[in-house]
Amino acid sequence: MSKYSNEFKLIIVNEWLVGQNGLKKLAKKYNIPTFRSIVEWRDEYLVTGSIGSKSHKPYSPDFKMTVLNYLETHSQSEAARYFAVFPSTTIANWLRTYRKFGYNGLKPKPKGRQPTMGRKRIHPLTPEQQELADLKQENYQLKMKVAIFEKLKALVDQRTEKNKRQ
């Protein structure tokens, strides 16, 4: 979540556009630690016509590589304006990830929290493993049948003995 609301950013950018104050004066007036933030907001407004994206736009790894190649001859803020990637720190994150993990680091990651218990992964079984699993299942079912027949025999024996007493 952003420290400043999009409406607040828009007010400051509009005030700059009207020409009432410079970037440093606006930063001082609204207690913004650095005027560089206002520069980002201004650039985003001038390029896209709005501030703050309503939805996250996924970028392809190829697009990210194009932006990173552009960085070789241009600054990060120029690349952000040219490719309309805001905030420009996104590009810095891509660069850091690329240096650490290479091209594969630029691929999209699965969303959401990792499961804490860990799901069992379903891997295809080899024919031998499948046959062993089938035999284990059949063995288990036969053991259950034997246990049921033993219990039934015990109940029948108990009833016959009860009838003999009477």
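**Close-up views of a predicted model**

**View 1. Helices α5 and α6 cross at roughly 110°, and their axes come within 9 Å.** Axes are lines fitted to C-alpha atoms, for helices over the stretch in contact, and angles run from 0 to 180 degrees between N-to-C directions. The two helices, α5 and α6, are therefore roughly perpendicular (65 to 115 degrees; under 35 is roughly parallel, over 145 roughly antiparallel, the rest oblique). Q76, A79 and A80 of α5 meet T89, I91 and A92 of α6. Contact means heavy atoms within 4.5 Å. By class, this contact of α5 with α6 holds 4 nonpolar, 2 polar and no charged residues. Ala, Val, Leu, Ile, Met, Phe, Trp, Tyr, Cys and Pro count as nonpolar, Asp, Glu, Lys and Arg as charged, and the others, Gly among them, as polar. Helices are DSSP runs (H or I, at least four residues), and strands are E runs of at least two, numbered from the N terminus.

The model is predicted: local features need pLDDT of at least 70, side-chain atom pairs count only at pLDDT 80 or more, and totals for chains, interfaces and linings use all residues. Residues are numbered from 1 along each chain as its sequence is written, and side-chain values use heavy atoms, with hydrogens and water left out.

**View 2. A84 sits in the loop between α5 (76-83) and α6 (89-101).** Its phi is positive, about 55°, although A84 is not a glycine. Most residues other than glycine have a negative phi. A84 is partly exposed, at 31% relative accessibility. Buried means under 20% relative accessible area, exposed over 50%, and partly exposed in between (1.4 Å probe, protein chains only).

**View 3. The largest nonpolar core has 14 residues.** Such a core is a set of buried Ala, Val, Leu, Ile, Met, Phe, Trp, Tyr and Cys residues joined through side-chain atoms within 4.5 Å. V67, L68, A79, V85, I91 and W94 have the most contacts inside this core. Helices α4, α5 and α6 each supply at least two of its residues. The largest share, 4 residues, comes from α4. L68 touches I91, W94, L95, Y98 and L106, leaving aside residues up to four places away in sequence. Apart from this core lies another, of 11 residues, including Y4, I12, L23 and I32.

**View 4. The buried residues of α4 pack against α5 and α6.** In α4 (residues 61-70), P61, K64, M65, V67, L68 and Y70 are buried. P61 has its C-alpha atom 5.4 Å from that of K107, 46 residues apart along the chain. K107 lies in the loop between α6 and α7. At 38% relative accessibility, K107 is partly exposed.

**View 5. Helix α1 (residues 6-18) packs on helix α3 (residues 35-48) at about 80°, with axes 10 Å apart.** This makes α1 roughly perpendicular to α3. K9, L10, I12, V13, N14, W16 and L17 of α1 meet I38, W41, R42, Y45 and L46 of α3. This contact of α1 with α3 divides into 9 nonpolar, 1 polar and 2 charged residues.

**View 6. N139 is placed in helix α7 (residues 127-165).** N139 is partly exposed, with a relative accessible area of 41%. N139 and S88 are 51 residues apart in sequence and 63 Å apart in space, C-alpha to C-alpha.
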